[in-house]
Amino acid sequence: MTATIIYGNQLAETLRVKMKEEIVNLKRKGIDPKLTVVLIGDHPASKSYVSGKQKAADYIGMDSELIQLPAETTEAELLSLIDQLNQDTVVDGILVQLPLPAHIDEQLVIEAIRPSKDVDGFHPINIGKMMTNQDTFLPCTPYGILTMLKLYDIDIAGKHAVVIGRSNIVGKPIGQLLLNENATVTYCHSKTANMKELVQLADIVIVAVGRARMIDRSYIKKGATVIDVGINRLDDGTLTGDVDFDSVKEQASYLTPVPKGVGPMTITMLLKNTIKAAINHAQ
Ligand code: GUN
């Protein structure tokens, strides 16, 4: 058996074409969604992520602005900028690219963003709403993964999902979203003693650890769905996921590639959240 490969880039393209039409319709009604991205310093990976977000916004005709500030920017300066963006009625979504330089308290910054403009879904109020299954901005990577599973009609209710990784951005929230969909969820992390045995029980495996090709077919139950959130650059420059793709594709029934898998869906969900914010702000 060879797995069906879930190409996130193709799904993302279909969704972006629909959003492009939606933006045209919204603009006719006087709603013009705008995303403001704040980038502090010149972390190379962050620069590349931010430019991907800008390009995607341009592609669907969404107004976007990049505010780029030096690494020496103080916490007070950043908080003051966020305050200004919170009050700016033209701005619907605010995204402060993480990680921030060490002298800035990341949590303080996340909590300074007005929840109605928190298109990352990182504010504790929005996380609380997600946990209690209320309508809110879902964090983009977990939201993208859930959308992929749904578009492929992959059963979630009653299935055993194992999440490897417990970051605030991916691991914890994807587990919660799968629980909201009535999966039975197990989290594995660096202190988990019997990880392989647990992963072998999974119908759905979400891998978000940041270790190149760590998960091979020996971890995977025959017919499982495997979602690879990792993006690792090897010494020779190639990008690879946390999953050993060639090995796992012989065992899984569905598998996402890296690149062209989860990444493009993440950006697409950011656009979707920004449209949602603009519609909410117009009400
Ligand atoms: N850095 C890596 N991923 C993300 C993300 O989804 N949002 C923000 N703000 N920063 C990130």
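Me: In which sense do E1 and strand E11 pair, and over how many bridges?
Reply: This is a predicted model. In it, Thr 4 has Tyr 254 of E11 as its bridge partner. Strand E11 covers residues 254-255, and its pairing with E1 is parallel, over 2 bridges.

Me: Which strands stand at the edges of the sheet of 6 strands, and why is one side of each without a neighbour?
Reply: The strand order in this open sheet is E1-E11-E8-E7-E5-E6, with parallel pairing. Each edge strand has a single partner strand, so one side of it is left without a neighbour in the sheet. The two edge strands are E1 (4-5) and E6 (184-188).

Me: At about what angle to E6 does helix H7 run?
Reply: Helix H7 is formed by residues 171-180. It lies across strand E5 (160-164), E6 and strand E7 (204-207). Relative to E6, the helix runs at about 165°.

Me: Which are the edge strands of the sheet of 3 strands?
Reply: The order of this open sheet is E3-E2-E4, and its pairing is parallel. Strands at the edge pair on one side only. Those strands are E3 (63-69) and E4 (93-96).

Me: How many bridges join strand E2 to E3?
Reply: Strand E2 comprises residues 34-40 and runs parallel to E3. Within this pairing, Val 37 is placed opposite Leu 66 of E3. The number of bridges joining E2 to E3 is 7.

Me: What separation is found between the centres of domain 1 and domain 2?
Reply: Domain 1 spans 29-114 and domain 2 spans 140-263. The centres are taken over C-alpha atoms. Their separation is 28 Å.

Me: How far apart do the end C-alpha atoms of residues 6-120 lie?
Reply: In UniProt, an unreviewed entry places the feature "domain: Tetrahydrofolate dehydrogenase/cyclohydrolase catalytic" at these residues. The span is 50% helix and 16% strand. Its end C-alpha atoms are apart by 24 Å.

Me: What is the helix and strand content of residues 139-280?
Reply: UniProt lists this range, in an unreviewed entry, for "domain: Tetrahydrofolate dehydrogenase/cyclohydrolase NAD(P)-binding". The end C-alpha atoms lie 17 Å apart. The content is 35% helix and 17% strand.

Me: How many nonpolar, polar and charged residues does the shell around the ligand have?
Reply: The ligand is surrounded by Leu 95, Val 96, Gln 97, Leu 98, Asp 120, Cys 140 and Ile 169. Sorted by class, this shell has 5 nonpolar, 1 polar and 1 charged residues.

Me: What is omega for the cis peptide bond between Leu 98 and Pro 99, and for that between Val 258 and Pro 259?
Reply: Pro 99 is situated in the loop between E4 and helix H4 (106-112), while Pro 259 belongs to the loop between E11 and helix H10 (262-282). For the cis bond joining Leu 98 and Pro 99, omega is about 0°. For the cis bond joining Val 258 and Pro 259, omega is about -5°.

Me: Where is Asn 133, and what is the value of its phi?
Reply: Asn 133 is in the loop between helix H5 (124-131) and helix H6 (140-151). Its phi is positive although the residue is other than glycine, with a value near 60°.

Conventions:
Residues are numbered from 1 along each chain as its sequence is written. This is a predicted model: local features need pLDDT of at least 70, side-chain atom pairs count only at pLDDT 80 or more; totals for chains, interfaces and linings use all residues. UniProt positions are given in the numbering used here, feature names are shortened, and annotations may be inferred rather than shown by experiment. Helices (H or I, at least four residues) and strands (E, at least two) are DSSP runs, numbered from the N terminus. A residue is near a molecule or strand if its C-beta atom, placed from the backbone, lies within 6 Å of it. Ala, Val, Leu, Ile, Met, Phe, Trp, Tyr, Cys and Pro count as nonpolar, Asp, Glu, Lys and Arg as charged, and the others, Gly among them, as polar. Two strands pair if DSSP finds at least two bridges between them. Two residues are in contact if their C-beta atoms, placed from the backbone, lie within 7 Å. Axes are lines fitted to C-alpha atoms, for helices over the stretch in contact, and angles run from 0 to 180 degrees between N-to-C directions. Domain bounds come from an automatic or database domain assignment.
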